[in-house]
Amino acid sequence: MKVQVQFFSRLRDLTGKAPTELDIPEGAQVADLLELLYSRAPSLRDWDQSILVAAGVEFVGRDYILKPGDEISIMPPVQGG
């Protein structure tokens, strides 16, 4: 199945990626997607403990089961000022 993945802020700089479409197995979780992304962009793993993930407009946990067509956002921790 296909999902859309986009990176924000510093993570976009690290990956050098514009929004991209990935083909992942049915029943995959966010944790599986992150491992795939880490294999393609190893520098992302340094952010593993603080990465935030959203599906659509809702933050989701690593156990979230991805659905076909999901729009996944990968972002660093939110900062205020």
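Q: How many helices and strands does the secondary structure of the chain come to?
A: Helices (H or I, at least four residues) and strands (E, at least two) are DSSP runs, numbered from the N terminus. In this predicted model, the chain has two helices and five strands, and read along the sequence they follow the pattern β-α-β-α-β-β-β. Residues are numbered from 1 along each chain as its sequence is written. Because the model is predicted, local features need pLDDT of at least 70 and side-chain atom pairs count only at pLDDT 80 or more, while totals for chains, interfaces and linings use all residues; side-chain values use heavy atoms, with hydrogens and water left out.

Q: In which sense do β3 and β5 pair?
A: Two strands pair if DSSP finds at least two bridges between them. Strand β3 (residues 52-55) and strand β5 (residues 71-75) pair in the antiparallel sense over four bridges, with Leu-52 standing opposite Met-75 in β5.

Q: What do β3 and β4 form?
A: Strand β4 (residues 58-59) pairs with β3 in the antiparallel sense over two bridges, and Ala-54 stands opposite Phe-59 in β4. The two strands form a hairpin with two residues between them, and Gly-56 in the turn has a positive phi of about 70°.
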